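Subject: Structure handover

Hello,

Here is the structure I said I would pass on. My notes on it follow below.

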Amino acid sequence: MREESLDALGRLVAIDFKRIGQWRMSETGLDFASDHRVTEPNVLYAFVSGREVLYVGKTSRPIAKRLYGYQNPGKMQLTNVYCNREICRLLTEKRPVEVFVRHAEKLSRIGSFAINEAAALEDAIIRELRPPWNRTGKKR
């Protein structure tokens, strides 16, 4: 099956995104329940509900540390605040929110310049899939 004929989640899975867990509500607020420990840095990640890709991001830190920012966003961390609010809203509506990750390949080089595959791939995914929580310039 051609990748272009797949839905958004299918397209991510086709390029080696794997489910690592899901968001849950606990007594203390938003919590991430991991299926396995992911400690490697440099991953792309996606928040998915059903088959809909809601948000795509990248991190140079281990994913657990990045997800902590969504659990406990600082007031000035607008993306984290927005995603936290939207994840909580979906969970309140009994809609699951899962997290998928793709480990970045090693850096390529053009001359003496390192090329970050994760950054380029993140841009392409956002451009083509248009995840609703990635829309920039929109008032939240």
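Contact here means heavy atoms within 4.5 Å. This is a predicted model, in which local features need pLDDT of at least 70 and side-chain atom pairs count only at pLDDT 80 or more, while totals for chains, interfaces and linings use all residues. Residues are numbered from 1 along each chain as its sequence is written, and side-chain values use heavy atoms, with hydrogens and water left out.

The overall layout

The protein chain has four helices and seven strands, in the order α-β-β-β-β-α-α-β-β-β-α along the sequence. Helices (H or I, at least four residues) and strands (E, at least two) are DSSP runs, numbered from the N terminus. The radius of gyration of the protein chain is 15 Å, close to the 14 Å that the globule rule gives for 140 residues, so the chain is as compact as a globular protein of that length. That radius is taken over C-alpha atoms, and the rule is 2.2 Å times the number of residues to the power 0.38. The C-alpha trace spans about 50 × 35 × 35 Å along its principal axes.

Five strands form an open sheet with the order 2-1-5-3-4 and antiparallel pairing. Its edge strands are strand 2 (29-34) and strand 4 (52-59), each of which pairs on one side only. On average, neighbouring strands of this sheet are turned by 25° against each other, direction ignored. Two strands count as paired if DSSP finds at least two bridges between them. Axes are lines fitted to C-alpha atoms, for helices over the stretch in contact, and angles run from 0 to 180 degrees between N-to-C directions.

Strand 3 (residues 43-49) and strand 5 (residues 98-103) run antiparallel and are joined by six bridges; Val-43 has His-103 in strand 5 as its bridge partner. Helix 2 (residues 63-71) packs on the sheet, touching strand 1 (18-26), strand 2, strand 3, strand 4 and strand 5, and its direction makes about 45° with that of strand 3. Helix 3 (residues 78-92) also packs on the sheet, where it touches strand 1, strand 2, strand 3 and strand 4; its direction makes about 80° with that of strand 1.

Strand 1 pairs with strand 2 in the antiparallel sense over six bridges, and a hairpin of two residues joins them. Ser-26 stands opposite Gly-29 in strand 2. Strand 1 also pairs with strand 5, again antiparallel, over four bridges, and Arg-19 has Phe-100 in strand 5 as its bridge partner.

The cores

Which residues touch the most other members of the largest nonpolar core? They are Trp-23, Phe-47 and Trp-133, out of 23 residues. Such a core is a set of buried Ala, Val, Leu, Ile, Met, Phe, Trp, Tyr and Cys residues joined through side-chain atoms within 4.5 Å. Buried means under 20% relative accessible area, exposed over 50%, and partly exposed in between (1.4 Å probe, protein chains only). Helix 3 gives the largest share of this core, six residues. A second, separate core of twelve residues includes Phe-17, Ala-46, Val-56 and Leu-129.

In helix 2, the buried residues are Ile-63, Arg-66, Leu-67, Gly-69, Tyr-70 and Gln-71.

Regards
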